[in-house]
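Visitor: I am new to this structure and would like to learn how to read it. Could you show it to me and take me through it step by step?

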Amino acid sequence: MDNFIITRQGDYWIKSDNKGYFRYSPGTGRLKHYPQINFYKGNGDKQPMLEDSRGYIWIPGLGGMFRLLNTATESIDSFSINTQTSRPMSPQAVITAIYEDKQGIFWLGTLEGFVRCTPGKSGQLPTEVTWFHNKSDTR
């Protein structure tokens with residue numbers, strides 16, 4: 001097991017280095033595999049997961065890719081924070097932190113800086129991605 005979170009419903013979402021993502025429901029004893037979100041199988045990368053205030057699980061991948069899984073419907077959407085063509089993320093870049101503030105804005109940490117993701121009016125997918133890059137000359 002590489003990482004896991006426990007949702008508000010009490011389900012465990014588990015990332016296995018070798019097998020991908022799973023949901024374990026203690027109430028039923030059921031373990032369900034989600035092969036459709038196994039787009040990233042990085043061994044040993046302890047990337048965070050987050051259940052947001054709307055019940056979506058944020059699952060990061062390499063190079064700024066994300067999957068958003070709706071826990072109620074099990075639908076999956078994807079988006080990328082790798083939006084700056086003048087300063088693209090490394091294809092091997094990982095996410096180091098995910099946080100949702102009280103206004104519903106998401107803050108994502110990377111080794112290259114941090115990102116503010118503002119969801120659109122319809123909800124789940126961010127419509128605005130703003131980068132705040134680290135300045136190597138100020139370290």
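Guide: Let us begin with an idea that will be needed several times: two strands are said to pair if DSSP finds at least two bridges between them. With that in mind, please remember that what you see is a predicted model.

Visitor: Which strands form an open sheet with β12, and in what order?

Guide: An open sheet is formed by 4 strands in the order β9-β10-β11-β12, and their pairing is antiparallel. The edges are taken by β9 (95–100) and β12 (126–133), each of which has a single partner strand, so one side of each is left without a neighbour in the sheet. On average, neighbouring strands of this sheet are turned by 20° against each other, direction ignored.

Visitor: How many bridges hold each pair in this sheet, and which residues are bridge partners?

Guide: Let us go through the pairs in order. β9 and strand β10 (residues 106–110) pair in the antiparallel sense over 5 bridges, and here I98 has L108 in β10 as its bridge partner. β10 then pairs with strand β11 (residues 113–119), again antiparallel and over 5 bridges, with F114 in β11 as the bridge partner of G109. A hairpin through 2 residues joins β10 to β11. Finally, β11 and β12 pair in the antiparallel sense over 7 bridges, and H133 in β12 is the bridge partner of G113.

Visitor: Where does β1 belong, and which strands stand at the edges there?

Guide: β1 belongs to an open sheet of 4 strands in the order β1-β2-β3-β4, with antiparallel pairing. β1 and β4 (30–34) stand at the edges, and since each has a single partner strand, one side of each is left without a neighbour in the sheet. From one strand to the next, the twist averages 20°. β1 and strand β2 (residues 12–16) pair in the antiparallel sense over 4 bridges, and the bridge partner of N3 in β2 is K15.

Visitor: Which residues form the nonpolar patch on the surface?

Guide: The nonpolar patch is formed by M1, F4, I6, Y12, Y24 and L31, which together have about 600 Å² of accessible area. To join such a patch, a residue needs over 30% relative accessible area. F4, one of the patch residues, lies in strand β1 (residues 3–6), and its relative accessibility of 39% is why F4 counts as partly exposed.

Visitor: What is the phi of E74, and where is its place?

Guide: E74 has a positive phi of about 65°, although E74 is not a glycine. Its place is in the loop between β7 (65–70) and β8 (76–80).

Note on methods. Residues are numbered from 1 along each chain as its sequence is written. This is a predicted model: local features need pLDDT of at least 70, side-chain atom pairs count only at pLDDT 80 or more; totals for chains, interfaces and linings use all residues. Side-chain values use heavy atoms; hydrogens and water are left out. Patches are made of residues with over 30% relative accessible area and no salt bridge: like charges are joined within 9 Å, nonpolar side chains (Val, Leu, Ile, Met, Phe, Trp, Tyr) within 5 Å. Accessible areas come from the Shrake-Rupley method with a 1.4 Å probe; for residues, only the protein chains shown count as cover. A salt bridge is a side-chain nitrogen of Lys or Arg within 4 Å of a carboxyl oxygen of Asp or Glu. Buried means under 20% relative accessible area, exposed over 50%, partly exposed in between (1.4 Å probe, protein chains only). Axes are lines fitted to C-alpha atoms, for helices over the stretch in contact, and angles run from 0 to 180 degrees between N-to-C directions.
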